[in-house]
Amino acid sequence: MSNQIEKVDVLIIGAGLAGIGGACQLRRQCPNHSFTILESRETSGGTWDLFRYPGFRSDSDMYTYSYGFKPWKDKSTIAEGHKILSYIREAAAEYDVERHIRYQHKVIAANWSTSENRWLVTAERSDTGERVTVSCMFMFNCCGYYDYDQGYTPEFAGSDEFNGRLFHAQHWPEDLDYRGKRVVVIGSGATAVTLIPAMANDTSSLVMLQRTPTYIANVPAEDPMGLKLRKWLPDSWTFRLIRWKKVMFQIYVYRLSRKKPKALKKFLLGQVKQALGPDYDVATHFTPPYNPWDQRLCAVPDGDMFDVIRKGRAEVVTDHVDSFNAEGIQLKSGRQLDADIVVLATGLNLKFAGGIVHSIDDKEIDITEHFIYRGMMFSDLPNLAFTVGYTNSSWTLKTDLTSNYVCRLLKKMERGNYATVTPSLNGDVEEVPLLDFDAGYVLRARDQMPKNGNRLPWKNYQNYIRDFMGLRLAGLNDPELEFH
C-alpha cells in the first residue's frame, strides 16, 4: 500500500472517448483546475482500442459521435475504428491531456470524507500490484457502463465438443486466420452486421445466425449535403451545420418510431427489400417482432451487408441453437451448420460506473438506491458526476453536455468559494426505468442501475434538444442542487 497520496482538483476515471473529451473540456473551460485521469488499461481510446474484430466501426454517424469542440473532418459518416481512435488521441494531444493519464490504474473504491470535503479514491496498479490513493475535490466517472473484461456469452449445450474455434467478438484472437474457413457469426446487432461484410470476401462460407432479426437502416457512407458544403464552407462550419441536421433527423426518426411505428417499419423494410430484391425472404430474416427503436437500430453504410448477401457471399439464418457438436451447430429446426470458426456477437455485459465500491466516511453505500440528477449525478452524493450517453442517438452528444455541465459547476464553486455541490431530493419522486430500452444487455442489468425519477431534474431524458436547453442554457440555481 502506497503511503503517498496525490492531490488534484478533479479526478477523471477512464481515458476513453468520454474521459478524453471531459479532460479536453477542463483544459478549455477550467484551465486553473488540476486533474488526473486513471485508466485501467495500458493505452487510451477505451472501446476504440479494445475491440479488434474485422471492420470495427461506429454504429452512429460521426458528425454527432465526435466532440462538439473538435470538428470531424473525415468524409466518412460511419467511420472505421482506427480513424476514431486516431481522432480521440489527436484531441488528447491538442489539449495536452496525455501527460495527465496514469495507465494501468484500475479504480476499485472511492470514499467521501466529510471532514475533508474530498473523495479518497483507491486504485490498483496492474503493473506493480500496489494500491495507490488519489485525493480529489471532484470525481468525474467516464468509464462508461459495460464490462471490458467479458462480453455476454450465453451457455450453449455441447460447446465443449466443438472442434473449431469459439470465442466472443470482444476478445478477437490476434492469430486468427479465417481465410478459406467456414464461419458462423451468432448475433444480429451492430457487431454482427459489421463482421459480415468485413469477412465475406475471405471465407469459404459465412453465416449470420440470429435468433431474432434487428432493424437495419441503409445509410450513405458519406453525407451528400456535407460533400456539397465542403466545396464552399470551412470544415468547422460544415461540421456544425451537418451535426445539427443529424441531431434533428435522429430526434425526428425516434419520435416517428414512437408515434407512427408502422410507417417507420414500412420504410425500413422497404429499404431492405430494395437492396435484396423481391425474391428474398425479408419477412423471416429482417422483420423483428417489435417496433423500431424498442431496441437499437443498426446502420450499414451504402448497404454493404446487403451487398454481400445478394451476391451469395454470406447467408442469414434465423433459428435457435439446439446444441453444438464436433462439426458445428445443430439448430432446433434440424438443420446443421458446419463451421471451423464460431464468433459470438451476442452482446455486452453492463458494469455500471465501473463497478467501483462507493462509501461515505468509510460506510459503504448502494449506488442503486440513489436517484440520478439530470442523467449525471446522484442524490445525496457530493462532488460526483458520471457519463452515460443516449441509447436512441449518438453517445457523445450526451457526454459532451455532461462535461460542459461539470465545468459550469466547477466554475460556480470556484466563484462562490463552495466546497461541495450535492443534488438533494425535494418533494415526491416516483421511480421509473433509467433506460427505457429493451435491448438484452439493458434488461439483464436493470438491477445494477440507479433510480430514475418521473420528473425533472430526476428524470433522464433521451432527448438532446431538451438536455441542451437544460444543461447548456439553463442556470445553476436549482433548489434541488445544493452548494455549500
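Contact here means heavy atoms within 4.5 Å. The model shown in these views is predicted.

**View 1. Proline 301 in strand E11.** Proline 301 belongs to strand E11, residues 298-301. Leaving aside neighbours within four places in sequence, proline 301 is in contact with Arg57, Ile78, Val219 and Ala221. Its relative accessible area is 11%, so proline 301 is buried. Leucine 397 sits 96 residues away along the chain from proline 301, and the two C-alpha atoms are separated by 21 Å.

**View 2. Helices H11 and H13 pack at about 15°.** H11 covers residues 395-416 and H13 covers residues 464-473. Their axes are 9 Å apart. The two helices are therefore roughly parallel to each other. Their crossing is left-handed. H11 contributes Leu397, Lys398, Leu401, Asn404, Tyr405 and Arg408 to the contact. From H13 come Tyr464, Asp467, Phe468, Leu471, Arg472 and Leu473. Sorted by class, the contact of H11 with H13 holds 7 nonpolar, 1 polar and 4 charged residues.

**View 3. Helices H7 and H13 cross at roughly 120°.** H7 spans residues 235-259, and its axis comes within 10 Å of the axis of H13. H7 and H13 are therefore oblique to each other. Trp244, Val247, Met248 and Ile251 make the contact on the H7 side. Tyr464, Ile465 and Phe468 make it on the H13 side. This contact of H7 with H13 consists of 7 nonpolar residues, with no polar and no charged ones.

**View 4. The largest nonpolar core and methionine 305.** In soluble globular proteins, nonpolar side chains tend to be buried together. The largest nonpolar core in this model has 127 residues. Phe286 and Met305 touch the most other members. H11 gives the most to this core, with 9 residues. Methionine 305 touches Val193, Ile196, Pro197, Met208, Ile216, Phe286 and Val300, not counting residues up to four places away in sequence. Another core, of 15 residues, lies apart from the largest one. Its members include Val184, Val317, Phe324 and Leu344.

**View 5. Leucine 206 in strand E9.** Strand E9, residues 205-210, contains leucine 206. Leucine 206 counts as buried because its relative accessibility is 3%, under the 20% cut-off. Leucine 206 is in contact with Val183, Val185, Ile196, Met199, Ala200, Arg313, Ala314 and Glu315, its neighbours within four places in sequence left aside. Leucine 206 and glutamate 315 are 109 residues apart in sequence. In space they are 6.3 Å apart, C-alpha to C-alpha.

**View 6. Tryptophan 119 in strand E5.** Tryptophan 119 is found in strand E5, residues 118-125. Its relative accessible area is 0%, so tryptophan 119 is buried. Threonine 43 is 76 residues from tryptophan 119 along the chain, and their C-alpha atoms are separated by 25 Å.

**View 7. Cysteine 143 in the loop between E6 and E7**. Strand E6 runs over 131-141 and strand E7 over 165-168. Cysteine 143 counts as partly exposed, because its relative accessibility is 23%. Cysteine 143 touches Ile13, Ala353 and Gly354, not counting residues up to four places away in sequence. Cysteine 143 and glycine 14 are 129 residues apart along the chain. Their C-alpha atoms are separated by 4.6 Å.

View 8. Most residues other than glycine have a negative phi, and most peptide bonds are trans. Arginine 374 is not a glycine, yet has a positive phi of about 50°. Arginine 374 lies in the loop between strand E19 (372-373) and strand E20 (377-378). Asparagine 383, also not a glycine, has a positive phi of about 50°. Asparagine 383 is placed in the loop between E20 and strand E21 (384-386). With 0% relative accessibility, asparagine 383 counts as buried. Leucine 456 and proline 457 are joined by a cis peptide bond, with omega about 0°. Proline 457 is in the loop between strand E24 (452-453) and H13.

Conventions. Residues numbered from 1 in each chain as written. Predicted model: local features only at pLDDT ≥ 70, side-chain atom pairs only at ≥ 80, totals over all residues. Heavy atoms only, no water. Axes fitted to C-alpha atoms, helices over the stretch in contact; angles between N-to-C directions. Helix = DSSP H or I, 4+ residues; strand = E, 2+ residues; numbered from the N terminus. Parallel < 35°, antiparallel > 145°, perpendicular 65-115°, else oblique. Left-handed = near helix turned anticlockwise from the far one by under 90°. Nonpolar A, V, L, I, M, F, W, Y, C, P; charged D, E, K, R; others polar. Core = buried A, V, L, I, M, F, W, Y, C linked by side-chain atoms within 4.5 Å. Buried < 20%, exposed > 50% of the residue type's maximum accessible area, 1.4 Å probe, protein only.
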